[in-house]
Amino acid sequence: PKNFGTGELGRRIVEAMGELEEARCRVFVLASDTPGYFIAHWSLREIVQGQAAPNPPAEDALRTRNPGVFEAVAGHPMISIAVNNGQAWGGGAELSWACDLRVAAESATYGQPEVPLGIIPGAGGTTRLAHLIGPARCLEMILDGRPISAQRALEMGAVNRVVPDDRARDEAIEWATHIAGWPGAALNAAKR
């Protein structure tokens, strides 16, 4: 009900991107149908591989987060627009950072709460976020651990637009439609 990220979700996103590529799409919108949640955060159960492994090796913990989806979204030639309709924390925020553009509903929040949990962001929170907002602000977000509002994310440069809650998806689709009208070669070159 809170739309946690899972390896299965990651695989489905990558499969959907493959279908969009076959259809020769130039832009895609990544959104949630779960009211109030883009992706609440990545499933902690998957991160720590269940209660039976109190201290899993770091590489195993990272593998369960399915970094392939984050890399697939960030590295794909299609332009990607994330729409946060509520909570995007941890892996949810990091999936948003992997997208090229971000639209946030006014009530949306972003957070990197990993440090208070005894781990660090492992899917772009220390890298992509730093490229978006700079290393000092990125470190502030990571070390503080508390979520920020959509307006604060806009001020920091983490999102491109903040819109009324009931318009977030429509605004992203309109923006995607506008961008998709440009020549594909120019879009690919601009993204590279």
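How many helices and strands does the secondary structure of the chain comprise? The assignment gives 10 helices and eight strands, taken as DSSP runs (H or I, at least four residues, for helices; E, at least two, for strands) numbered from the N terminus. The model is predicted, so that local features need pLDDT of at least 70 and side-chain atom pairs count only at pLDDT 80 or more, while totals for chains, interfaces and linings use all residues. Residues are numbered from 1 along each chain as its sequence is written, and side-chain values use heavy atoms, with hydrogens and water left out.

Of the 192 residues, 44% are buried (under 20% relative accessible area, 1.4 Å probe, protein chains only). Among contacts (heavy atoms within 4.5 Å) between residues at least 6 apart in sequence, 69% join residues at least 24 apart.

Two aromatic pairs were identified, a pair requiring ring centres within 6.5 Å (six-membered ring for Trp), with planes under 30 degrees apart counted as stacked, over 60 as edge-to-face and the rest as tilted. The pair of Trp 42 and Phe 70 is tilted, because its planes stand at 55°, with centres 5.2 Å apart. Trp 42 lies in the loop between strand E2 (36–39) and helix H2 (44–48), and Phe 70 in helix H4 (residues 67–75), so the pair ties together parts 28 residues apart in sequence. Trp 42 is buried at 1% relative accessibility, and Phe 70 is buried with a relative accessible area of 1%. Trp 97 and Tyr 110 form a stacked pair, 5.3 Å centre to centre with 25° between the planes; both residues are buried.

Methods:
Buried means under 20% relative accessible area, exposed over 50%, partly exposed in between (1.4 Å probe, protein chains only).
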